[in-house]
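Please look over the structure shown here. A short report on selected parts of it is given below.

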Amino acid sequence: MLAGSAIALLVVLAALFGDWFSVHALGQDPHTLDYLVINQPPSGHHLLGTTGSGEDVLAQTIAGARGSLVVGLVSALISTALGILFGVCAGFFGGVADTVLNFITNLFIVMPVFALTLIVAGYLNNTGTMTIALIIGVFGWAGGARSLRAQTMSLRGRDHVQAMRMLGESRTRLVFSEVLPRLYPLISAMFLHAVIGGVLAEAGLAFLGVSSPNTISWGTMIQNAQNQNAIINGLWWWFLPPGFCIAALGTATGLINFGIDEIANPRLGAARRAAQQAVKAA
Amino acid sequence: MTDLKPDTETPVLEAVAATKHFAAGGATVRAVEEASVALHRGRIVALVGESGSGKTTVARLLARMYPVTGGEIRLDGSPVGRGHPDREYLRRVQLIFQDPFASLHPGKTVLHNLERPLRIHGHVRDRAEARARAAELLERVSLLPAKEFLDKLPHQLSGGQRQRVVIARALAVRPAVLLGDEPISMLDVSIRLDMLNLLTKLRDEEGLALLYITHDIASARYLCDDVQVMYAGQMVEGGPKEDVIQRPAHPYTQLLVDASPDPARDRAADGTADEDGTTLGEPPNLADPPSGCRFRPRCPHAMAVCAEAFPPRTELGGGHWAHCWLHADGSGVTTT
Amino acid sequence: MSSGTRRRAIAFARRLRFYVIAAWSAVTLNFLIPRLMPGDPAQAVVQQLEVKNGQNLPPQTVEAIRKLLGGVHENIAVQYWHYLGNLFTGNLGISTGNFPTRVTTLIGTALPWTMLLMGVSTVLAFLIGTGIGALCGWRPGTRTDSVLSPLSTFLAAVPYFWVALFALWLFAFRLGWFPLAGGHDPDADPSSPRYWLSVLHYGLLPALTIVFSSCGGWLLGMRNMTLTTTGEDFVLLARAKGLSNTRVLFRYAARNAMLPQLTGFALALGAIIAGSVLTETVFTYPGVGSLLKQAIDNRDYPLMQGILLFTTLAVLVANFLADSVYVLVDPRTRAQGGDAS
Amino acid sequence: MSVLLEAQGLCVDYLGGERSVRACAEVDLTLRRGEILGIAGESGSGKSTLITALTQLQRPPAAITAGRILLHRDDADGGGTVDLTAADEKRLRALRWREMSIVLQSAMDALNPVMRLSAQFADVLREHRRGITKEAVAARTAELLGMVGIPAERSGAYPHEMSGGMRQRATIALALACDPALVVMDEPTTAVDVVMQRQIMKQILGLRRRLGFAVVFVTHDLSLLLELADRIAIMYAGRIVEIGAARAIHDAPQHPYTRGLRDSFPPLHAPLSVLHGIPGTPPDPADPPPGCAFHPRCDRRLDACDRRLPRLGPVADGRGLAACLLHEHPEEAPVS
Amino acid sequence: ACGGPASATVPRSDTVSVLNKDTAIVRNFNPYSPSNHTGPMGRYIYEPPLWIPRLDPAKPQPWLASAFSWSRGGRELTLTLRKGVRFNDGSPLTLDDFVHSLDIPLKKPEFNTAGVTYTDVRATGPDTVVLTFDKPAYQDLYALGQLSVVSKRQLAGHDLATWNNPDPVGTGPGRIAAFTTNQVRIRLRRGYWGGDAFPTRNLKFPSASEDTAKLLLLDGDLDFASIAWPSGQTNFVDRDPAQNLYSPLPSGTIAMIAFNHTKAPWNDIHVRRALSMAIDRSAVSRTVASGQDPANLAGLAPEVYGSWLLPEYRRSQPLDVAGARRELAAGGWQIKGGNLVKDGRTHTVSMTSIADWPAYRIMSAATADQLRRHLGLNVNLQLQVGATFDSHYNSGTFDIQYRLYSSGTLYQFYNTLLDGQGMLPVGKIAASNQMRWKNADTDRLLAAMRVTDDPKLIASYAASLQKIFVEQLPVVPVLWECIWAVATRRYWTGWPTNRGIRHYFGFDAAAPEAILALKGLRRSTT
Ligand SMILES: Nc1ncnc2c1ncn2[C@@H]1O[C@H](COP(=O)(O)OP(=O)(O)OP(=O)(O)O)[C@@H](O)[C@H]1O
Ligand SMILES: Nc1ncnc2c1ncn2[C@@H]1O[C@H](COP(=O)(O)OP(=O)(O)OP(=O)(O)O)[C@@H](O)[C@H]1O
Ligand SMILES: [Mg+2]
Ligand SMILES: [Mg+2]
């Protein structure tokens with residue numbers, strides 16, 4: 001979990017201060033084309049080499065953190081918000097609201113999300129980062145909503161919620177102060193999952209040619225590298241870093257999720273610790 | 001202990017022939033059938049019965065967590081509406097849940113738990129006052145030193161302490177009636193008595209009307225003034241506790257009392273029935289209950305009439321009553 | 001007993017009702033989405049022709065082509081009505097990108113390939129992932145587990161096409177173990193054994209990449225479920241009974257841990273078509289994914305719609321089957337009658 | 001009667017790096033054939049831990065860190081003594097269910113929810129009687145279910161299709177499938193009603209009489225044990241603080257904790273008086289008080305109690321064993 | 001009909017393997033399909049009446065029509081049907097077939113995918129057909145190079161709107177030998193009217209994405225592909241210079257900056273000139289690294305329009321920063337904060353480019369970078385997906401676009417780009433003059449060019465149009481856009497290169513061209 005948080009933090013830092021860092025510490029602007037150094041392998045000047053149009057790969061990778069993370073975060077925010085809206089409302093209010101919301105949720109679960117995302121994103125004018133994030137988010141909330149609904153339904157019946165209700169607490173306050181806080185582990189796990197899901201979806205869309213062409217993200221980097229045959233031409237320094245970054249971010253969120261899982265489901269944690277003990281003892 | 005006659009004043013809270021049916025997957029669960037119970041100021045009524053007999057449902061009907069299917073709930077003698085209870089109602093009637101571990105939000109401090117009801121019902125104006133009031137409440141439930149407990153989280157408290165917080169929280173709204181749904185069954189054996197003593201204290205000092213729901217007849221006898229016995233959604237017997245427990249009139253009450261462990265029971269005397277491999281059968285399925293008296297299929301005294309109708313209430317004297325055809329002729333015989 | 005049967009019938013009817021409404025909603029959504037999108041398929045076709053000819057087409061030709069490719073001038077309600085009518089007769093229209101080929105023909109040729117490749121590899125990934133996951137969850141902390149579990153987290157996070165591209169380069173190009181593109185040896189006669197062997201050979205690398213990147217997810221899910229289940233009392237009791245480890249694992253722990261996995265599996269099976277775009281693009285595989293990509297590139301509405309519809313219905317059917325199978329596997333759902341979801 | 005099982009200096013820890021918890025400390029127990037040994041104690045006192053350790057079913061992070069468990073086998077089974085703590089998995093598997101079986105607290109959780117009852121019986125019968133025919137399995141299953149009063153035709157049911165009491169009885173029947181010499185039961189009646197509890201207790205007593213197995217019966221309900229067990233061990237904070245015949249525990253408890261526990265159960269028929277249970281709360285097993293773990297709650301505490309750990313030893317009048325300084329230095333005992 | 005088993009026995013060394021860029025191919029050879037995805041191999045099967053050579057589109061050549069002549073002032077065209085032509089099903093090509101083929105676009109305008117403009121078809125003799133036009137149509141011959149001549153007998157009874165024509169019958173040398181979704185095999189028949197001099201009779205078209213095609217080329221599975229390969233020289237040719245060949249072929253297409261002439265500052269010639277002068281085209285060319293050279297001043301590729309091109313326009317615009325600044329000053333423009341300012345009004349520069357093709361991404365980025373470097377202009381570069389990009393172009397809702405432009409004949413080159421007659425207002429979808437260029441001289445010259453077939457007059461109009469183009473700069477040509485030839489000489493040599501191109505080959509080549517190119521191949525001796 002610690003390692004995961006560290007990696008995630010690094011990515012967030014890169015997203016926040018990456019531009020400044022690239023320009024001032026590395027002396028490289030991710031957007032600058034350098035006609036004289038095209039397809040250069042890593043060197044002292046370009047630590048991770050250059051791309052087919054002479055951009056600094058390291059600076060691009062750092063800048064890509066922002067592009068990818070923005071898509072990941074925004075889409076995750078949207079899908080989590082929708083998930084909460086649909087899942088928690090359906091679970092908490094029950095009745096007709098539940099029937100309707102749950103039906104919509106199930107409908108979205110059976111819709112081919114990636115294909116739809118691809119189609120819609122491919123069609124919208126000017127697929128900016130935000131548009132892509134929006135589409136990914138709008139089509140990706142249903143799974144989360146389903147589990148939130150189940151959890152909320154179980155929480156709604158819990159004694160502490162009923163007890164606060166019996167004290168005269170209003171329904172809104174019950175949702176926000178009794179139910180939601182207990183869903184945080186689930187929600188944060190969902191959110192992290194959605195972040196990496198968004199990053200991966202963005203990369204997949206970019207690979208299929210649907211991307212926000214004006215921003216640098218790890219997805220567009222891979223796409224550019226692929227378009228310009230980085231692998232065939234042996235430009236590993238161009239192809240590998242963005243993929244690794246995505247994988248690292250994914251692993252990081254996975255590890256953080258492990259941690260959250262262990263908090264939410266102590267048995268997993270106990271088993272892990274026991275296993276460590278056993279390994280140590282052996 | 002006070003010895004007010006139940007009939008001399010209007011009950012604070014009363015269920016009159018309350019009936020509750022649940023719809024569950026196409027079937028109707030007849031959870032409670034024409035159950036009546038009256039709670040009086042300064043008296044404790046115990047409701048005992050097997051699991052699934054409808055005790056919790058009665059308590060929740062009284063708390064208006066869901067509406068009655070039939071009959072009515074009366075507060076201070078006047079019938080209440082069917083919708084969600086308003087704050088006024090909740091200020092008078094409070095419910096305490098069985099599991100103190102589950103009825104406190106794990107992330108909220110004791111203070112928060114006490115402050116909310118104080119605020120909701122407008123008993124305090126500001127934080128400082130809330131804190132002072134909360135401390136007072138903790139003192140009333142003997143959580144001492146009160147100040148130290150205010151900022152603790154539930155997991156820092158033992159089960160008994162948590163249940164005290166739960167009771168204090170209910171008291172914060174200044175109710176007239178406390179409905180305790182098995183309030184001690186999740187607690188450690190050694191601290192249960194303290195809890196019962198606390199409830200007694202509240203009854204005596206604050207004149208609360210209390211409903212005490214339990215499986216455990218012995219604790220009911222220890223705590224309450226009156227006992228009512230439920231079976232499969234029906235009230236089968238009730239009255240002053242010693243009358244009911246020492247001289248049970250209904251065969252089910254007899255079974256219950258016999259089955260309850262008693263440290264003083266002579267083991268050798270019991271041994272004769274050991275070999276008995278047969279069973280009494282199961283409590284009925286409430287989705288499809290037997291006609292008439294629902295105890296009939298398990299009753300050693302079952303008669304033809306038992307299948308025909310639910311027996312009427314027979315007064316056995318001294319406030320002791322039963323619903324059983326054995327007594328319906330008014331003879332008041334106790335069959336043992 | 002009769003009340004039980006009735007309950008089950010009611011539950012079944014409820015479930016069926018959900019699927020019917022869901023199918024209708026999906027059909028409608030499929031109708032609407034392309035129409036809500038900006039752009040016009042005829043315009044794209046005309047443009048291509050004009051570039052090819054190096055001159056403008058006469059206006060009456062443009063108009064006629066527009067009409068031919070599903071006139072957009074009709075009122076949307078009329079279009080919807082036609083669309084529904086056509087659906088019932090199994091007519092999904094004519095692909096504009098491959099005019100005048102029927103959409104059903106296109107899907108029909110592509111579908112077996114996708115089913116074969118994606119179906120086999122999804123099932124394989126599920127079996128392998130779930131199997132190893134059960135072992136890892138059964139003996140957490142062993143070397144296998146401490147290597148495989150973090151590795152699966154990593155695998156689940158690696159962009160699939162990135163791995164696939166790399167695998168294509170390494171195994172097919174550098175090492176020459178696998179062909180570079182296609183679904184079968186194009187020079188083999190479809191009735192010959194050589195052809196069928198080549199289908200295997202061509203499918204192997206794409207299948208392996210899918211298994212490689214998707215079994216991690218199954219593994220983690222199963223591992224955690226097994227871990228949780230292993231803590232259950234009935235597993236303890238099974239151990240106390242002196243049953244052999246494998247028996248406890250398979251009959252008690254894994255069998256129960258499997259249940260949530262099954263739902264996921266159904267969804268995955270249904271999502272096969274939608275998920276095939278990336279794979280088939282990387283490996284130039286002649287399946288529905290490639291077709292969808294082509295449809296999008298050509299703004300081929302009827303084809304797109306057809307594929308979406310197919311995909312959605314596939315998920316629905318898979319879910320329905322999963323629901324029904326779930327009822328067989330988990331006796332508890334039988335009593336409750338099951339929820340629609 | 002001959003000795004069946006001995007635990008000597010048994011320690012069970014929940015490993016957790018720096019914060020290991022000793023849930024059972026230096027437990028010495030002797031169980032004779034055919035005897036019912038009750039173990040009573042509050043929640044968290046280590047009862048379940050002990051019982052799983054005795055049957056070698058402890059799950060990580062629990063580990064036996066000291067002591068031995070000796071199982072003396074009947075001559076009919078080949079005789080000899082096995083140290084269970086040293087036996088490997090294969091050896092243990094051969095002993096499981098044939099020598100010792102277990103009944104867990106919640107039958108709902110203890111039965112595999114996706115297997116029919118008959119399959120769960122068949123599983124164990126096949127495992128321990130290689131080559132048994134299908135018919136024999138069915139017959140034996142019917143016989144076993146019959147013993148606990150479940151009709152044979154219910155054997156095709158899934159666990160969720162049966163009531164709680166039925167499930168609990170089925171697990172008892174299951175425990176008897178291979179005629180074990182020892183059945184350990186972890187609160188087998190806590191989840192069922194008093195009526196059902198009484199019935200199950202009767203069946204256990206009856207079956208024990210017929211089949212002669214020994215029982216270790218764990219519960220927090222001392223009043224129940226007093227009626228059921230031959231001897232009773234009282235656990236507090238992972239240690240056995242007193243062992244004696246059931247009568248002796250009831251009539252003359254030697255350890256202050258035992259006395260407190262006994263007085264925590266209000267009587268059902270005897271005259272009522274105000275009872276107080278035991279003040280305070282059980283200790284945190286991760287951070288037990290020094291000396292005798294009970295001293296913070298003890299009303300007969302001696303000066304040395306917070307320093308010296310009392311050993312389990314015979315009490316003055318020879319009526320069992322107790323671990324209390326009062327008995328190590330009877331002369332210092334304050335008059336109670 | 002697909003003659004399966006035989007094909008399997010053809011050795012690789014006797015097959016010409018050419019990339020098919022369609023990754024999901026459909027057995028659809030309907031020659032009237034408006035779709036671009038009707039089996040590209042149709043060009044070995046269907047042939048047009050005339051051949052419009054890509055390298056000199058102004059000089060149509062006889063093909064299935066062995067001769068053609070104008071009458072009635074360009075309102076009537078007489079075609080003479082070639083004798084002795086047989087369809088690949090053995091039946092002879094009759095005048096009836098010929099007329100039928102020419103008549104279909106008239107009867108069914110939706111199948112006029114070639115864009116013919118005649119209004120009547122009439123057989124006037126045993127082997128002559130007369131096409132009638134409304135107005136002088138000297139410049140409309142191009143469409144006759146796009147038309148397929150079909151067998152009336154084969155088409156009979158089929159609805160062209162639903163029929164896939166899986167086994168096409170045409171006059172070309174090819175016949176479908178095997179068809180799978182991965183590959184099409186063509187077998188060249190004997191008895192083709194154009195002669196039997198093919199180096200092999202076996203062609204195959206495996207389908208693959210461009211990325212995979214590169215691997216296939218490196219592996220030698222493909223002989224030829226028409227794909228751009230940035231740094232193809234180092235990464236392909238240099239691996240095996242003896243065998244590998246990468247050549248950008250001239251195509252007459254330019255990559256250019258298009259301006260919206262309805263908007264300031266783009267309607268100011270000084271601004272356009274300044275931009276043109278501030279671009280170091282060779283630097284941009286180096287960045288693309290796929291072999292595209294700087295375009296000349298006229299934007300007319302000498303290989304294609306060489307006979308018209310004025311010698312003084314053969315050079316390309318050099319980088320001239322000082323000149324650019326002078327132009328801006330002359331127009332009263334200043335650059336402040338990266339924007340163009342005149343009379344206190346600030347104009348930001350936003351350029352859009354197409355996102356679909358990676359090379360355009362790079363080119364436009366490099367071009368924008370040039371303007372930034374040399375003029376300090378902050379170019380806000382936006383990439384748009386093709387459909388969006390084009391729809392903005394067509395409706396005139398753009399500022400400047402970096403795009404490619406190609407056209408057939410010289411007349412079409414100017415007519416499509418600049419014809420101001422019937423110019424549509426901004427917001428309406430235009431099929432030509434999308435930049436909304438309004439210039440009376442241009443319109444007059446184009447009108448005059450349309451109605452004459454006098455080569456001298458045409459040459460003078462062409463010179464005047466070039467002059468306008470170079471001096472007024474309605475667009476700024478940047479680089480040549482090419483047709484790419486990637487080939488290996490493992491089995492075959494004689495591929496078209498930019499040094500010795502005679503005929504185009506491959507995916508994008510038109511029908512007669514591909515057949516002629518095939519004839520130019522020789523078996524490799526290595
Ligand atoms: N919301 C509900 N929907 C359907 N059936 C219900 C519901 N609540 C309770 N029941 C049924 O009503 C009957 C009475 O339940 P209730 O909880 O009142 O019993 P109880 O006496 O409190 O039992 P316990 O001692 O186990 O708490 C049971 O059969 C139960 O299954
Ligand atoms: N997995 C665990 N990890 C750490 N400590 C544990 C674990 N399980 C139990 N313990 C601790 O060990 C002690 C003994 O637990 P055990 O379950 O044996 O008690 P018990 O007497 O059976 O209680 P109950 O009556 O509640 O079942 C408890 O204090 C508990 O906190
Ligand atoms: Mg209850
Ligand atoms: Mg326990």
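## The model

This is a predicted model. Every value below was computed from it.

## Where chain C meets chain E

Chain C and chain E touch. Chain C brings 49 residues to the contact, and chain E brings 54 residues. Together the two chains bury about 4,100 Å². Carbon and sulfur atoms account for 54% of that buried area.

Two salt bridges are found across the interface of chain C and chain E. In a salt bridge, the side chain of Asp187(C) meets that of Arg185(E), at 2.9 Å from N to O. Which helices of chain C each supply at least two residues to the side that touches chain E? They are helix H2 (41–53), helix H3 (59–68), H5, helix H7 (160–174) and helix H12 (288–298). H2(C) gives the most to this side, with eight residues.

## A nonpolar patch on chain C

Chain C also carries a nonpolar patch on the surface. Its members are Leu116(C), Val120(C), Val123(C), Leu124(C), Leu127(C), Ile128(C), Ile132(C) and Leu269(C). Together they have about 590 Å² of accessible area. Helix H5 of chain C, residues 103–138, provides the largest share of the patch, with seven residues.

Leu269(C) lies in helix H10 of chain C, which runs over residues 245–270. Is Leu269(C) buried or partly exposed? Its relative accessible area is 32%, so Leu269(C) counts as partly exposed. A patch residue needs over 30% relative accessible area, and Leu269(C) has 32%.

## A buried glutamine in chain B

Gln163(B) sits in helix H6 of chain B, residues 159–172. Why does Gln163(B) count as buried? The reason is its relative accessibility of 0%, because buried means under 20%.

What is Gln163(B) in contact with, leaving aside neighbours within four places in sequence? Its contacts are Ile96(B), Phe97(B), Gln98(B), Pro100(B), Pro183(B), Leu187(B) and Met195(B).

## Chains that stay apart

Chain E does not touch chain B. The nearest C-alpha atoms of chain B and chain E are 50 Å apart. No contact joins chain D and chain E either. Their closest C-alpha atoms lie 47 Å apart.

How values were computed. Residues numbered from 1 in each chain as written. Chains lettered and ligands numbered in written order. Predicted model: local features only at pLDDT ≥ 70, side-chain atom pairs only at ≥ 80, totals over all residues. Heavy atoms only, no water. Patch = residues over 30% accessible without salt bridge, like charges linked within 9 Å, V, L, I, M, F, W, Y side chains within 5 Å. Areas by Shrake-Rupley, 256 points an atom, 1.4 Å probe, with all protein chains shown as cover. Salt bridge = Lys/Arg side-chain N within 4 Å of Asp/Glu carboxyl O. Helix = DSSP H or I, 4+ residues; strand = E, 2+ residues; numbered from the N terminus. Buried < 20%, exposed > 50% of the residue type's maximum accessible area, 1.4 Å probe, protein only. Contact = heavy atoms within 4.5 Å. Buried area = accessible area lost by both parts, 1.4 Å probe.
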